[in-house]
Protein chains: 2
Amino acid sequence: MEFLADGRQSLRLEWKDIMGGAHRNETVQVSGMVHAKRPMGGGLTFLKLRKQDGVLQCTCDGLDLSQVPEEAAVVVTGTLRDEPRAPGGVELAARAVKVLSRPAEPMPVPVAKAKLHLNLDTELSLRPVLLRNLRERSIFQIQAGLCRAFREYLQGQGFTEIHTPKIVHAGAEGGSNIFRLDYFGRKAFLTQSPQFYKQTMVGVFERVFEAAPVFRAEKHATIRHLNEYTSLDLEMGFIDSFQDVMAVETGYLQYAMALLEGEYGEDLKRLEVTIPDVKRIPCVRFDEAKALAAEKYGYRIRDPYDLEPEEEHAIGRYAREAWGSDFVFVTHYPSKKRPFYAMDDPADSRYTLSFDLLFQGVEVTTGGQRIHDYAQQVAKMEARGMDPAEFESYLMIHEHGMPPHGGLGIGLERLTMQLCGLENVRYAGLFPRDLSRLEP
Amino acid sequence: MEFLADGRQSLRLEWKDIMGGAHRNETVQVSGMVHAKRPMGGGLTFLKLRKQDGVLQCTCDGLDLSQVPEEAAVVVTGTLRDEPRAPGGVELAARAVKVLSRPAEPMPVPVAKAKLHLNLDTELSLRPVLLRNLRERSIFQIQAGLCRAFREYLQGQGFTEIHTPKIVHAGAEGGSNIFRLDYFGRKAFLTQSPQFYKQTMVGVFERVFEAAPVFRAEKHATIRHLNEYTSLDLEMGFIDSFQDVMAVETGYLQYAMALLEGEYGEDLKRLEVTIPDVKRIPCVRFDEAKALAAEKYGYRIRDPYDLEPEEEHAIGRYAREAWGSDFVFVTHYPSKKRPFYAMDDPADSRYTLSFDLLFQGVEVTTGGQRIHDYAQQVAKMEARGMDPAEFESYLMIHEHGMPPHGGLGIGLERLTMQLCGLENVRYAGLFPRDLSRLEP
C-alpha cells in the first residue's frame, strides 16, 4: 500500500507556461503530437508540436528525425526562446526529441493545412483524425465555451443543475419523430426534450437547467437538423411574463459573448468569427414579423400560421437591415403550432405566450410560458384529443400546485453553427447523427 | 417591435438578499411556495415559504388564509425582521399574501416533514412532488455541487468539455447489457460509455471530459445499479502512468469536498453528512487488497480474478480500520475482467494498468491506462475473438497515432449515494430507471 496525496504534476511545460513569458532561455521539456514536420534544408527541420491550445514551433538543427513521423507523440527537450517570426513569438530550439508513440500509417489527409476543403461525407467519415486540424477543433473549443457560459451564467442567477432521464415512457413534443426502444420487453422512447422533468423540478428548485442530449427521429435531411443534439435547457418559476425568460437568454448571450472574447480569442481569430452585438435584441410579434419581411422583400405570405425556413431567413435579414441586429426574438407563435403545455395568450387564444430566437435567420431557441393550472392543462389536452391519463405523473405537478413558469431550449450545435459561420450543422457536432450516419 | 436589453430583475427578494442581513425592518416582497401552514391559535398563522435555498418563516397575524392552501404559489408582502427563534434567524411579518396559483388537490403526503419514511416504491412513484421535501432536494443540490466541482476542477487543469453521441453503432464495454434501438431501419445501440469517443478526443485536445448519461441494460436489480445513470468521464494524454489519472481524481475529490463544505453547508447539515478526508488516499494492488481483507476478516477467497460486492465491502472496511480512509484505490485488476482497450501490465500481463476507486466499500470509479499502439490493440482484440473490422472508426485513432493516455468514469449517482449515506442508489437519481421503472 502507498498513499496518493494529490496532483502528480509533470515536469513538462504546458501552453500557459510556454506563452506566459517565463522560462525563456532555459532548458525545458514539452510534450505534444507532431502536427507537421517541415524540412527547411541545410539539416534544419521545423517540428510543429500540437498542444491543447495551439502549436509550438520546434527548430531541430542537425537532429535525425527519420524515426519521428507526423502524428508521433513526442517529448522535446530544448531551449525556449523568443522568435518574432514564429507563431506566438516563441520557439523551442530542440536538442532531443523522444518518441513516446508512433502511428502505424500516415494521415489520410494532411491535417496541418489551414482548411481541409473536403466534401462533407469524406470529412465526417474521417472525423476521428480530422478533428486534429486546428480550425476544426477551434469550433469545438467555442462550443465548449458556449456550454460553459450557459452553466456559469445560470448558476450565478440561482439556477440548479439537474439530470433527467433520457429513456422515457412518453414523448414531450408529440408527433412521429421519436425513437422507439425495447426496454426489458416494454415499449419505451428516447426523450425529445427534458420538458416534463424540467417543469417538475421548478416545483422543487424554482430555477433549473440541464445541458444534455435529446433525440429527434426526423426523417428529412436538411442542413440544420441532427437526429441527436445537445439541448441547453432552462426552466424558471415565479415569472411575470415569458419576457422574463427572454431576459435570461439575453443575459446568457451577453455573458457568453464576453467570455468568448475574453478567453477564446485564438479560436475566434482562426475561424474569422466576429462576435455579434447582443446589448439589446429586438422582439417582434410573429404576425408582425411575417408582414414586415413579406412587405420589404416583396413576397406573399403562404401560411399565416407557420414560419417556413425561407421566411425565418427573411425575418433575420430584416432584423439585420432595419434594426442592426443578428438576433431577433419572434414572439406569440400560433397556438396550433405549439405543444399542449404552451400557455395561450389570454388576449387572443389563437396565439401563445411564446417565442423563438432567430440568429442570422435560423431558429436557435424555442421557449415560452407554460400552463401551470391543472384544470387549464387538462382542458387543453382534451381539446387536442389527448388522454390525460397517459400523462399522470406529469400532471401530478399541476394537480399539487405549480408557480407560473416558463423556460426555453437552445440547440447548442445550431448556435455554434451560426456563430462560427458554418454552412451545415453537421460541422458543429463532433460525431453527428443523421438519416444515414450512425458512425463514427 | 421593442428591444430587450437585459435582465429584467424582479423587485422580489431572493434568498441571498433575505439572509444577507440587508432590508431588515423594511417592507419587502418575497415569492415562494407555501411549504407548510401552521395555525398557532389566536389568529396567528405561520406560513413556511419554500424558496430555492431554504424556507422562510412568515408570521401572519389576523390575515384570512382560508384561500391560501399548502403548495399555493404566493407573493408575501411584509416587514423583514430579526427573530432568533425562526429558522435562519429572520422572519417576515406578513401584511398581505397574494396567491399566484393554487393546487387542485392537497399533497398525497405531507412533504414538510423532516423525513418522509415511505417505502421505496411509493416514494419513487410520487417523486415529482415528493422531491419538494427539503431533505430529498438537498441530495440533488449536493449532486449538482459534485458535478459542478468536476467541471470546474478539470477546466482549471486544462481539460476541454466534449459532447459525444449516445446512439452508437457498437458498444464500448461489450457484453449483453446494451439497449437496442431501431435507427431508421438499422440496428443501433445506446451507449454504455463514451469510451471510444473520449479516447478519440485525446488525439485532438489532449485532455477532455464529459458529464452525460450512459445506459446499461443490466437485468439484475441491486441497490447499486441503475439502467441509466450520469457518468463523469475524463480522458487524458501524455500520462507517464495510470497513477496520473488517479492523481487527477484525487485532486477532483479534494476540490469537490472543499466546495461542498464552503457552499453547500445547509444541505450537508440537513442530511447529516460528514465530509470525508481526502487529503491522501491509500492505493493497494487488487491481489494484495483481497488477501489483506480475507486474512483480517477470516474468509476464504473464492475467485482470485474477481471482486464480489461483499469483498469490496470488506476492503472498504479494511481501508477505514487500517488506514483511516473512506476511500481506497484498488489497482492492477486482472486482465480477463477488463475491456479489450485496457493496457496490460508489462511486468505481468495477467493484470492491467487499471484501478477502481472504492468509497466506503462501493465502487464509484473505474479507470486505467489504455492501449495506444495500433498493432498491440489489434492483437488484443484478435486474442479475444473480436473482429477489428467492426471497430474501424475507433481503430483509426490508433492507426494514425495516439499519445499514451488513460482516463476514468465516475458514477455520479453512486458517489452521491455514498456521500449522503443513502441505502439505495435509486434515492440518488431524480427519476431512476430500473428493470420495472420507466416512469415518472
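**Helices, sheets and the contact between chains**

Modeller: In chain A, α4(A) passes α12(A) in a right-handed crossing. A crossing is right-handed if the near helix is turned clockwise from the far one by less than a right angle, and left-handed if anticlockwise. This is a predicted model, in which local features need pLDDT of at least 70 and side-chain atom pairs count only at pLDDT 80 or more, whereas totals for chains, interfaces and linings use all residues. Residues are numbered from 1 along each chain as its sequence is written, with chains lettered from A and ligands numbered from 1 in the order in which they are written.

Biologist: At what angle do helix α4 and helix α12 of chain A pack?

Modeller: Helices (H or I, at least four residues) and strands (E, at least two) are DSSP runs, numbered from the N terminus. Axes are lines fitted to C-alpha atoms, for helices over the stretch in contact, and angles between N-to-C directions run from 0 to 180 degrees. Here, helix α4 (residues 134-156) of chain A packs on helix α12 (residues 412-420) of chain A at about 125 degrees, and the axes are 10 Å apart. That angle makes α4(A) oblique to α12(A); under 35 degrees counts as roughly parallel, over 145 as roughly antiparallel, 65 to 115 as roughly perpendicular and the rest as oblique.

Biologist: Which residues in α4(A) and α12(A) meet?

Modeller: Residues are in contact if their C-beta atoms, placed from the backbone, lie within 7 Å. From α4(A) come A:I139, A:I142, A:Q143, A:L146 and A:C147, and they meet A:L412, A:L415, A:T416, A:L419 and A:C420 in α12(A). By class, this contact has eight nonpolar, two polar and no charged residues. Ala, Val, Leu, Ile, Met, Phe, Trp, Tyr, Cys and Pro count as nonpolar, Asp, Glu, Lys and Arg as charged, and the others, Gly among them, as polar.

Biologist: How do α4(B) and α12(B) cross?

Modeller: Their crossing is right-handed. The axes of helix α4 (residues 134-156) and helix α12 (residues 412-420) of chain B come within 10 Å and cross at roughly 125 degrees. The two helices are therefore oblique to each other. B:I139, B:I142, B:Q143, B:L146 and B:C147 in α4(B) meet B:L412, B:L415, B:T416, B:L419 and B:C420 in α12(B).

Biologist: Let us turn to sheets. In what order do the strands of the closed barrel run?

Modeller: Two strands pair if DSSP finds at least two bridges between them. In chain A, five strands form a closed barrel in the order β2-β3-β4-β6-β5, and the pairing is mixed. Neighbouring strands are turned by 55 degrees against each other on average, direction ignored. Strands β2 (residues 27-41) and β3 (residues 44-50) of chain A run antiparallel, joined by seven bridges, and A:A36 has A:K48 in β3(A) as its bridge partner. Their hairpin has two residues between the strands, and A:G42 takes a positive phi near 65 degrees there.

Biologist: How many residues lie between β3(A) and β4(A) in their hairpin?

Modeller: Four residues lie between them. Seven bridges pair β3(A) with β4(A) in the antiparallel sense, with A:L49 opposite A:L56 in β4(A). By contrast, β4 (residues 55-61) and β6 (residues 90-101) of chain A pair in the parallel sense over four bridges; A:C58 is partnered by A:L92 in β6(A).

Biologist: Which strands are at the edges of the open sheet?

Modeller: That sheet has nine strands in the order β1(A)-β13(B)-β14(B)-β17(B)-β18(B)-β19(B)-β12(B)-β11(B)-β7(B), with mixed pairing. Its edge strands are β1 of chain A and β7 (160-161) of chain B, each pairing on one side only. Helix α8 (residues 286-297) of chain B packs on the sheet and touches β13 and β14 (327-331) of chain B; its direction makes about 100 degrees with that of β13(B). Between the chains, strand β1 (residues 2-4) of chain A pairs with strand β13 (residues 281-285) of chain B in the antiparallel sense over three bridges, and A:L4 stands opposite B:I281.

Biologist: How many residues does the contact take from chain A and from chain B?

Modeller: The contact takes 97 residues from chain A and 97 residues from chain B. Helix α6 (residues 243-263) of chain A gives the most to the side of chain A, with seven residues. That side divides into 51 nonpolar, 21 polar and 25 charged residues.

How values were computed
Two residues are in contact if their C-beta atoms, placed from the backbone, lie within 7 Å.
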